[in-house]
Each structure stands twice: as C-alpha cells, then as structure tokens.
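Welcome, and please open the model in your viewer. We will go through it one selection at a time.

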Amino acid sequence: MHEASLAGGVLRLVEQTAQRERFSRVARLRLEAGALAGVEVRALRFALEAIAPGTVLEGAVIDIDQPPGQAWCMDCSMTVAMAQRGDACPHCGGYRLQPTGGTELRVVDLMVND
Amino acid sequence: MCVVCGCAGDGGGVTMDGAGHAHAPNPYSPAARRPARTRAASAVAVDAATGDLHFGAGAARVSVPGMSQTRAIRLETDILGENDRIAARNRASFAAQGVTALNFVSSPGSGKTTLLCATIDALKAHAPQLPVAVIEGDQQTAFDAERIRATGAPAIQVNTGKGCHLDAPMVGEAFARLHGFAHAAPRSLLFIENVGNLVCPAMWDLGEQAKVAVLSVTEGEDKPLKYPDMFAASALMLLNKVDLLPHLRFDVERCIELARRVNPAISVIRLSAVTGEGMAEWLAWLDGRLSATAQRGAAA
C-alpha cells in the first residue's frame with residue numbers, strides 16, 4: 001500500500017501550494033499516474049479520499065489521468081505501445097524494450113477556491 | 001416575461017437583431033450593484049458573441065467584491081519529487097565520503113539478512129580493510145540489526161511502523177547516526193536492507209548506487225513477471241538458496257529469461273549464503289561497484 005504514502009505526498013504538495021498561493025479549498029485536483037508508474041489508481045484514489053477530510057482537499061473532485069505505456073524497442077528501433085512491464089514488442093515479439101512513456105507520477109493542476 | 005433579465009415587461013420589444021428592449025433603471029440590477037473597482041478577470045465570464053459580462057458564473061453562483069472565484073493553478077510536480085531531492089542529497093553525501101551504497105530488495109524470507117551476514121564474513125578475508133555498515137529496514141523489532149552487529153559490523157535498525165518501504169529521509173538520518181563510519185577509510189560499503197516487500201520499495205530512490213533484488217529459489221520462478229517493477233528497477237538479481245534446487249521444481253533458466261523480459265540489462269548471480277556457492281562471483285560484483293565509486297570520486 002505505498003499509495004497511502006503517495007497520497008500523503010500529494011497532500012503535502014497541495015498544502016505547500018495553498019500556503020504560497022493563498023487558497024483554502026481545492027475544487028478539483030488532477031493527477032497523472034502512467035500505466036508503467038507502478039501505481040494502482042484505485043488504491044491511490046481510495047487513499048486520497050481517506051486523508052482528505054479536514055484538509056484543503058476535503059470535497060475535492062479527484063481526476064487521475066493514466067497516460068498509456070510506451071517503450072523503445074531496441075531491435076525494431078521504434079517506439080511501441082506497452083500495456084505493462086514484461087510485455088513483448090507488438091512488432092517483433094522481443095523483450096528488449098526500454099519504457100519511454102507512461103512512467104509519469106505527478107500533480108498536474110488544481111482548481112481552487114480562495 | 002423578459003427572458004433576458006426576468007423583468008415583468010411583455011418582451012414585445014425584443015427584436016431579431018439582438019438589440020434588446022429598454023428597461024427603466026433598476027437599483028437592484030447587477031449593473032447597478034457593480035462596484036467601481038476593477039475585478040479580477042477570473043471572476044468574470046465574458047460572452048464571446050455579445051460581449052456581455054457574467055458575474056457569478058463561478059461554482060458559487062455569486063460575485064463578492066474583493067473575492068475571486070475558482071482559479072486554476074498549474075503545478076506539474078512529481079509526487080516523489082521531495083523524496084528524490086533528499087535521495088540526491090544522500091547520493092552526493094555517499095559519493096563525497098567514498099561510500100558504495102546498495103539497496104537490497106526482496107520479499108520477506110528470501111534470506112537477505114543471512115546473505116548480508118555471510119557477505120560481511122566473506123569480506124573479512126576478501127577485503128580486510130574495507131569498512132562495512134548496514135541500515136536495516138523492518139516494520140518492527142531490531143532482530144535483524146542485532147544479527148548484523150553479531151558479525152562485528154555497525155548496524156542501525158530503522159522501524160517503519162506501518163510503512164511498507166524505506167524512504168530517502170529515513171536513510172539520510174540513519175546514515176548520519178552511523179557515527180564516524182566511513183570517515184576513517186577512503187572507501188566503504190553500505191548495505192541498506194529494505195523492508196521485505198516486492199512492490200513498494202521499487203519506487204523510492206534512497207540515494208543508492210544500485211538496487212539488488214534477492215530472489216530465493218523457494219519462491220517460484222515467475223516472480224520477476226509477477227512483480228515486474230522491482231526487477232525493472234534492479235541492476236542485479238541474486239538467486240539465493242540455490243543449495244535447495246535439488247529438492248525443488250524451479251527452472252533457473254526460465255526465471256532468468258523472465259527477469260530479462262522486464263529488464264534486459266539485469267545481471268544475475270546464483271548463490272547460496274549457506275554453502276558459499278556463488279560467493280566469489282558476488283564478491284567480484286561488489287569489487288566492480290567499489291571501483292565505480294572510486295572512479296566517480298576521482299572524476300568529481
């Protein structure tokens with residue numbers, strides 16, 4: 001359940017931003033958790049909803065985008081789609097793949113109320 | 001009723017060119033209540049077709065002078081950014097002191113602590129001048145740190161409570177408590193034994209030079225594919241407890257093939273902490289890592 005730690009990291013980022021930007025409530029929070037980022041999106045959402053009460057995140061709508069996985073195939077010399085680690089290249093069937101996309105794990109933006 | 005402003009007029013004056021009809025001045029109309037000061041642009045929605053201004057278009061449906069409504073803040077910030085900053089600080093601190101730090105990850109019961117004790121004992125003969133210290137991560141108890149200390153090496157136990165992994169601040173603090181370790185020698189070795197967990201520790205950079213995944217042959221050969229993030233993040237897979245292979249149905253070649261599917265660059269060493277099989281190859285791998293640290297230090 002490292003998603004609980006990640007949710008704590010999200011809350012801290014948002015609270016730091018609240019101090020800097022002087023807002024008291026978050027209406028909408030948008031995150032990005034790529035398909036290869038090693039995060040279970042349902043668990044992350046559950047953890048965020050669990051820690052939100054009493055914080056600036058209380059009542060916030062949480063959107064979690066999931067950019068698809070991409071990898072560079074060293075044998076095909078091209079970028080291919082990769083649903084999960086350990087998948088074969090859809091063109092050559094090989095496994096010499098280097099993930100290049102879908103590893104993001106970040107807070108994208110916030111809609112806030114003062 | 002007028003559909004534009006809701007006044008009680010008959011609306012007969014509405015014309016097709018959109019000029020609208022005239023009203024008597026209304027002291028309660030939005031225009032009359034509008035303060036003279038300039039508002040923040042975010043509090044006003046402008047109708048692109050007519051140029052009309054809509055106050056109170058925000059979520060609260062009202063406009064309060066001096067108070068803006070919903071606004072957007074773009075952050076684009078990595079959730080693990082804070083941890084990664086401290087990991088970079090740890091890494092710089094290790095490099096400055098000639099410390100080669102390795103992060104041992106595995107499921108519980110793979111034999112990490114036994115392997116570390118056997119490695120420390122083997123290093124006493126292999127590299128007698130080399131200081132070795134251990135940071136032990138577990139949810140509870142200091143059992144593992146006590147086992148390490150029994151070999152003569154300094155050890156700090158880090159209990160994470162309910163936490164499922166070590167993070168960079170924990171390692172930074174533990175390293176600071178290894179008083180004087182590494183100061184006396186130009187190079188040294190720091191083993192960080194992470195919490196037994198094949199999922200969560202994969203994401204947390206501690207400032208280590210490399211992650212070492214320990215997989216025991218009693219666990220099943222398909223673990224690299226079941227827990228790909230950990231094997232993707234590791235530079236080396238140590239296949240431990242190979243002395244038990246005669247009693248098991250464990251396909252070593254298939255296990256290595258699966259590990260290379262998720263990480264084509266991963267090195268593999270087969271060893272047994274109990275019989276010492278593979279220990280020479282493991283010590284040679286450690287020598288390579290120590291040399292890499294020395295080269296980085298010379299370059300810095």
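This is a predicted model: local features need pLDDT of at least 70, side-chain atom pairs count only at pLDDT 80 or more; totals for chains, interfaces and linings use all residues.

Residues are numbered from 1 along each chain as its sequence is written, chains are lettered from A in the order in which they are written, and side-chain values use heavy atoms, leaving out hydrogens and water.

**Stop one: chains A and B.** Show both chains: 32 residues of chain A are in contact with 28 residues of chain B (contact means heavy atoms within 4.5 Å). Together the chains bury about 2800 Å², 60% of it on carbon and sulfur atoms; buried area is the accessible area, with a 1.4 Å probe, that two parts lose on being put together, summed over both.

**Stop two: a salt bridge.** Five salt bridges are counted between chain A and chain B (a side-chain nitrogen of Lys or Arg within 4 Å of a carboxyl oxygen of Asp or Glu). Pick B:Arg74 and A:Asp109 to see a salt bridge whose closest N and O atoms are 3.0 Å apart.

**Stop three: two helices.** Select residues 81–96 of chain B, helix 2, and residues 168–177 of chain B, helix 5. Helices here are DSSP runs (H or I, at least four residues), numbered from the N terminus. Their contact includes B:Ile86 and B:Phe94 of helix 2 and B:Val171 and B:Phe175 of helix 5.

Note on methods:
Axes are lines fitted to C-alpha atoms, for helices over the stretch in contact, and angles run from 0 to 180 degrees between N-to-C directions.
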